[in-house]
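Please open the structure in your viewer and keep the selection tool at hand.

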Amino acid sequence: SPPEEVEDASEPTKRDRSHLENTLKLNEEKPADDVSGVLQRLRKIYHSSIKPLEHSYRYNELRQHEITDTLDGVSRSPWPLACSTQVPHSLLGLDNTPYQLYTGAEPTTSEFTVIMHGPKLKTIEGIVMAADSARSFSPLEKFGQNFLEKLIGIEVPHKLLERVTFVDTPGIIENRKQQERGYPFNDVCQWFIDRADLIFVVFDPTKLDVGLELEMLFRQLKGRESQIRIILNKADSLATQELMRVYGALFWSLAPLINVTEPPRVYVSSFWPHDYNPETHRDLFLKEEISLLEDLNQVIENRMENKIAFIRQHAIRVRIHALLVDRYLQTYKDKMTFFSDGELVFRDIVEDPDRFYIFKSILAKTNVSKFDLPNREAYKDFFGINPITSFKLLSQQCSYMGGCFLDKIEKAITRELPDLLGSIGLGKKPNVLSCDVTGCGETPKNRYRKP
């Protein structure tokens, strides 16, 4: 055969990718939903009813993250957070393009790549993304110029990217210290995690070792286990028996890291455009890939419902935090006398809050679940940097025109947010209270309002 024919024959066969459009429903005409209108109402509820109490009691210093950016336009579409370039590469078909350099089959180990929708294929430098206020990446400047040099944006004219944005993180490097990256890797990951609706953690079958960096990543994912999807990639490179051993080893490695009753869903497939290796379980791999696509599509379809539910969960945590700080402060005032040393008095309260019934009193007087109470140890650190005298009692957080902060957040939790959720997700009218469906419970009586 001529050399040209031999070279063509050696090229790997491409897989049929028609199931992508069918599963993700890219060709279907979807009714235009009022996403901007719902976001505007959600933003108004957050800024008027939740943020005042959050700011007054410095909740962000306890949780160490903010949610404001997610309401100001960053995540109008879900942000799956992938740890391998092969997932977005497979879904978007970027092989044989100049952008395969950034999102090809070989994993990148040094750059954060944001893959988003645009009119044509092009790359955007990180310093440009941070300077463009319309893209809402400006908060990333706080991580320094070294990080911005490791940030790349890629615009792709793909229908899927009209509904979702992918963030490809650098690979885990277990044999190097975080400082060697030149920027706070875990802090940057946390910024994206806080804004992600779905998180893909991708494992190579030859690299299942768990080190400090991976352990730190899973600690950052604590509380978001329902958003995690584990992917065992390159499965067609293993024989059946070896694949079973690798699958078991992966579960064994992840068991100490994911503290949930139900084991996480692990998708076993191979995400590259080439055909599966012969004599492998191609039917299984295809079904696994379709299951993952259906999972992704479900998250996209429920994006607004998930956002409203997340804000309501956030409001509940802010309310509990405010009640606890109020109780710490009230106990401090009760124990203080003219001859008392304020620092010693409060140290006793912080060191042993159970002796002063701090947490039990919250459960007794309010409709707070004991399973929602934060860790007592967290408040030792919190009050270590926030003096108790810098806070006001909840009864003092009221005004004649603006009302009480606690009343506002309780109204948001029990009425406004369930009502907004019902107007889009449950097919009800916006003015109808949806607590019977969402289970928001009875409106609690405000015992902290000044008479």
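**A tour of selected contacts**

Select R265, which counts as partly exposed because its relative accessibility is 36%; buried means under 20% relative accessible area, exposed over 50%, and partly exposed in between (1.4 Å probe, protein chains only). This is a predicted model, in which local features need pLDDT of at least 70 and side-chain atom pairs count only at pLDDT 80 or more, while totals for chains, interfaces and linings use all residues. Residues are numbered from 1 along each chain as its sequence is written, and side-chain values use heavy atoms, with hydrogens and water left out.

The side chains of R265 and E288 form a salt bridge (3.3 Å, N to O), that is, a side-chain nitrogen of Lys or Arg within 4 Å of a carboxyl oxygen of Asp or Glu. R265 lies in the loop between helix 12 (240-254) and strand 8 (266-268) and E288 in helix 13 (residues 282-301), so the pair ties together parts 23 residues apart in sequence. Helices (H or I, at least four residues) and strands (E, at least two) are DSSP runs, numbered from the N terminus.

Now select E410 and R319, whose side chains meet in a salt bridge (3.2 Å, N to O). This pair links helix 18 (residues 405-425), which holds E410, with helix 14 (residues 303-335), which holds R319, across 91 residues. Both E410 and R319 are buried.

Finally, select E351, E377 and K380, which are linked in a network of salt bridges.
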